[in-house]
Amino acid sequence: MDWKNNQSESHKKIIVLGGDGFCGWPTSLHLSNVGHDVTIIDNLSRRNIDNELEAESLTPIQPMGTRLQAWEEVSGKKIRFCNIDIADEYEKLLQVINEEQPDVIVHFAEQRAAPYSMKSPQHKRYTVNNNINATHNVLCAIVESGRDIHLVHLGTMGVYGYGTAGMKIPEGYLNVEVKTEQGERIEQEILYPTNPGSIYHMTKSQDQLLFFYYNKNDNVRITDLHQGIVWGTNTKETKLDDRLINRFDYDGDYGTVLNRFLMQAAVGYPITVHGTGGQTRAFIHIQDTVRCIQLAIENPPARDERVMIFNQMTETHRVKDLAELVSEMTDGDIAYVTNPRKEAAENELHVENNLFLSKGLEPITLSNGLLQEVTDIAREYAYRADLSKIPATSTWTKEQKPGMPEQN
Ligand code: NAD
Ligand code: USQ
């Protein structure tokens, strides 16, 4: 492994919350690889949800013990692991923070699927309880620990909503002009108004308010990364050993759009475009996710600075265009299905991402090579696929019907 090229400028102690997940696992490996000292906290709830949904990762992910053993063999580095529910076991979380004395906490540990959050009243309540308590417990524990810990949180582009009347979505804040009682016009900076499209996205909007408050009251250093849809599966580090393989969700709740399309085409299932496919979304490859988190850690805000918000995305695409691209690449069919969600049928999306570019990100954009790599992985593990788990059955309202083919 090429250590020198990659070494981080300064070695930090980092706790990764949610380090067993799709983004958290490759991030933990990357941070360990570049020389940081990593401890993972995860309650393995995502693996339990696999059991609940009877839908496994397409790739055969290994138990945490095997993953960590493999990493030690490959890299000579140890990553520690604590099984803690951070939404429910505050004292244990605080104890690990006090023992580890981290410089940074990276927070991935939330229920992250919009369709799962809309499945039933129980799933709505679980998502709200889990995500908001998780974030609040972390902030409260940072303050109680008395340490100057930089919190890096994975937020979502979805907090902005996806329509901006042609304006580029700024990085978190909006300058508005207000009129005083004396008729004077003054400029103010406000948090960009949130417009969440699911219970899950709503919890991320609530998180923003918790960050605003703890930053204002306790000067907690916080970076909130408004991330787009992550695609891909492998990173440089997960490729080093089969046992380090990352998860690949393809089911109707957890599978995200581009990975689903690539998997569907690979197993010969018609590509499921919701509605007209006019929805435009922001995207980022998993390799850039891990790089962005490294950059965010290496560029913390000052102690008295407001919450720093980065838009963590590299490009935007229309769902229909992605379906056509994948269909051309693989000769796969496209099926336009009734949209199970309540969302705009068509939208434009323009997004600022200058902050990461200014910190040195060289964006990976959709290339045939990388799309092919995901297709190859999906083909390799096609024997593990349960095609009955592909349709998106979670609807946003009771009146809606799950993704059936559109009647012409
Ligand atoms: P994931 O579900 O694969 O991983 C989340 C991890 O957090 C899981 O391992 C889960 O077990 C753990 N977790 C959840 N609740 C916990 C709790 N109470 N205590 C301890 N551990 C807990 O999700 P992901 O795709 O890796 O996403 C990680 C973060 O990035 C999420 O917060 C998500 O909102 C954000 N994000 C993801 C994407 C994407 O496309 N995957 C895009 C934008 C933002
Ligand atoms: N879609 C399809 N066909 C499918 C699946 C999805 O047309 O088979 C459409 C959806 O209707 C939606 C768009 O594709 O319009 C994106 O859906 P998605 O499931 O890929 O993404 P989303 O629900 O927004 O959630 C994902 C992650 C979440 C993250 C978010 C970033 O699961 O954690 O916060 O992407 S963002 O979309 O920028 O808000």
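Tutor: Take the three-stranded open sheet, with the order β9-β11-β13 and mixed pairing. Strands here are DSSP runs of E of at least two residues, helices are runs of H or I of at least four, and both are numbered from the N terminus. Two strands pair if DSSP finds at least two bridges between them. This is a predicted model, where local features need pLDDT of at least 70 and side-chain atom pairs count only at pLDDT 80 or more, while totals for chains, interfaces and linings use all residues. Residues are numbered from 1 along each chain as its sequence is written, and chains are lettered from A and ligands numbered from 1 in the order in which they are written.

Student: How many bridges join β9 to β11?

Tutor: Three, and the two strands run parallel. I229, for instance, has F283 in β11 as its bridge partner.

Student: What is the order of strands in the seven-stranded sheet?

Tutor: That open sheet runs β3-β2-β1-β4-β5-β8-β12, with parallel pairing. β3 (80-82) and β12 (308-312) are at the edges with a single partner strand each, so one side of each has no neighbour in the sheet.

Student: Which residue in β2 stands opposite I15?

Tutor: T39. Five bridges join β1 (residues 13-17) to β2 (residues 37-41).

Student: Which strands does helix α4 touch?

Tutor: Helix α4 (residues 90-100) packs on the sheet and touches β1, β2 and β3. Contact means C-beta atoms, placed from the backbone, within 7 Å.

Student: New topic. How many residues are in the largest nonpolar core?

Tutor: The count is 93, and L17, V106, V138, F261 and L262 have the most contacts inside it. A nonpolar core is a set of buried Ala, Val, Leu, Ile, Met, Phe, Trp, Tyr and Cys residues joined through C-beta atoms within 7 Å. Buried means 20 or more other C-beta atoms within 10 Å of the residue's own, with C-beta atoms placed from the backbone. Another core, of eight residues, lies apart from it and includes Y200 and Y254.

Student: What does V106 touch?

Tutor: Leaving out residues up to four places away in sequence, V106 touches I14, V16, L17, T27, V152 and I293.

Student: And the ligands? Which residues are closest to ligand 1?

Tutor: G18, G21, C23, L154 and V230, out of 26 residues that surround ligand 1. Near means that the C-beta atom, placed from the backbone, lies within 6 Å.

Student: How many residues surround ligand 2?

Tutor: There are 22, with T156, M157, G158, V257 and H274 the closest. β10 gives the largest share of that shell, three residues.

Definitions and conventions. A residue is buried if 20 or more other C-beta atoms lie within 10 Å of its own, exposed if 12 or fewer, and partly exposed in between; C-beta atoms are placed from the backbone. Two residues are in contact if their C-beta atoms, placed from the backbone, lie within 7 Å. Axes are lines fitted to C-alpha atoms, for helices over the stretch in contact, and angles run from 0 to 180 degrees between N-to-C directions.
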